[in-house]
Amino acid sequence: MTLTHRSSITGGTRSDLGYWPLAAGPGEPHVARSELIRGAGRPADSAPLLTVAHLSDLHLCDSQSPARGEFLDRWSDPDSPLRPTLGHIGSYRAQDCLTVQVGAAMVDAINAVGRGPVGGAEIDWAITTGDVVDSAQTNELGWYIGLLDGGRIVPDSGALDRYEGVADHGYWHEAFWHPDPSVRADGSARSDRPHRLFGFPDAPGLLDALRAPFDSPGLSMPWIAVHGNHDQLVQGNIPAVGDFALASMADTKAIDVPAHWTLEQIARFCGAVDSTEQIGLDAWGEMLVRTITPDALRRTITREEFLDAHFGPRARPAGHGFAADHGGRAYYRYDHDGVTVLVLDAVNEHGGWQGSLDEPQLVWLESELTDADRERRHVVLASHHTLADLVNDRLAPAAARRVLTAELTEILDGHPCVVLWLNGHTHLTRVTPHTGRHSWWEVTAPSLIDFPQQGRIVELLRSPGGTLTVAVTMVDHSGELPWSGSLRSTTAMAGLSRQLAANDWQFRPEDLARHVLVGTPTDRNVLLHLPDPWA
């Protein structure tokens, strides 16, 4: 098991169309970051206070669901006339259909790590920082709990004898990757854009192989959970009310905008859906559709159901951090020796993919931080959204205000107990220093649906000399690297998924090492030093 980020995943020899097959390379060394304190390297005689495995944004995806809007995504393609206006939409990826296999490969990888590579202590527990499912569906929730707690996984929905997503030939559109070779009615070959323009491979039989049941051993250590926007909102953005409460169980799936729409109408519609404006939601009924097999197991879950699912018979700890009497409250405190983890819920139930806190949660957080200061405990915050992404101020009529970035920043600056914040959401591999009256680090994990499909091992180390070090090490999942061409195992299909993700045509740079989502060497394997507030 290679623990360090494989910096030489340059893919070997690219095809004429620029497709990277990927290959394993040597791991990167740890880089010391001392912006918050002078000095470099690991402090001598430092002792581990906490060692965790950090996973985020699994996006376990029912890629056959009628609640998905894959057809919108092509308007973000590099040659789309609307890309400058719409930017990145993110409603489709070629590897969407392989998220469960990637999740299984990451469980295998984390179980194989065992100990922190810097401090040497056993992993105390794992944490998932939200967006564990993709569109808040009952079946996706079951896959998530089954993967991490252990159990039988059936990664299929709808018609159990065939695949009914955009990758099949029930409705063929050139914008989507079709793993099975395609022919026209006259017998001539037909090529989609991913094959024709970007060199994507054939993978005949994939749509049958990926639906095969398998058993997950589950994580070998306890794990705690965080609530993300995709865990409550349809496609991570739209409240499940009105027609959208039933959209995931429909027998039709939207596949395109009306043929007579102008580019201006398409742009307005895409923008309205992104901002959950009613005009956009109402127009969804005008989309062209295909008939599919409905499935009651695609029912959209509530916040309460998401929390309740964590209280299964295999849960360690019970509830995976959430309180037994949660009453819908998804924030909580979790203690480990002298370290307190305060898990925040930044999902705005009124809609929108960005985050914010409500006022009762802020009152709770200030009380917890004040107690930790008094008792001289180190505090690790955990949430789905980053601090910078707490900008969602959407409210229902007469609802209380939301707490945003600036207000929370000021509050945290008054509490020296805070030393670290773990989060995800952006799909970026990033480390951010925060300075003020006291200093702390923010560690943002990449997603398992986008390249590089990695997790992190995070160690909090304490030196007698008055220094804390947050040691961060990237972990690759156990999928094949390079992909062998086989579809006979979850590890083979996870390897294919990573390869597809690396070649996403909306992100693909000329140099894979400069991929926007992988960060820089100072975001990956790093030793983050800061003053110990209680030295």
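I call a residue buried when its relative accessible area is under 20%. One reminder to myself before going on: this is a predicted model.

**Entry 1, cysteines.** Is Cys 61 buried or exposed? I found a relative accessible area of 5%, so Cys 61 is buried. Cys 270 gave me 7%, so that residue is buried too.

Next I checked for bonds. I needed a cut-off here: a disulfide is a pair of cysteine sulfur atoms within 2.5 Å. For Cys 61, the closest cysteine sulfur belongs to Cys 97, and the 8.5 Å between the sulfurs is too far for a bond. For Cys 270, the closest cysteine sulfur is the one in Cys 61, at 18 Å, which again is too far for a bond. How many disulfides does the rule give? My tally is 0 disulfides.

I then turned to helix α2, residues 99-113, and helix α11, residues 490-502. Their axes lie 8 Å apart, and the packing angle is about 110°. Angles of 65 to 115 degrees count as roughly perpendicular, so α2 is roughly perpendicular to α11. I also noted that the crossing of α2 past α11 is left-handed.

Which residues make the contact? From α2 I listed Gln 101, Val 102, Ala 105 and Asp 108. From α11 I listed Thr 490, Thr 491, Met 493, Ala 494 and Ser 497. Sorted by class, the contact of α2 with α11 has 4 nonpolar, 4 polar and 1 charged residues.

Technical notes
Residues are numbered from 1 along each chain as its sequence is written. This is a predicted model: local features need pLDDT of at least 70, side-chain atom pairs count only at pLDDT 80 or more; totals for chains, interfaces and linings use all residues. Side-chain values use heavy atoms; hydrogens and water are left out. Axes are lines fitted to C-alpha atoms, for helices over the stretch in contact, and angles run from 0 to 180 degrees between N-to-C directions. Helices (H or I, at least four residues) and strands (E, at least two) are DSSP runs, numbered from the N terminus. Angles under 35 degrees count as roughly parallel, over 145 as roughly antiparallel, 65 to 115 as roughly perpendicular and the rest as oblique. A crossing is left-handed if the near helix is turned anticlockwise from the far one by less than a right angle, and right-handed if clockwise. Contact means heavy atoms within 4.5 Å. Ala, Val, Leu, Ile, Met, Phe, Trp, Tyr, Cys and Pro count as nonpolar, Asp, Glu, Lys and Arg as charged, and the others, Gly among them, as polar. Buried means under 20% relative accessible area, exposed over 50%, partly exposed in between (1.4 Å probe, protein chains only).
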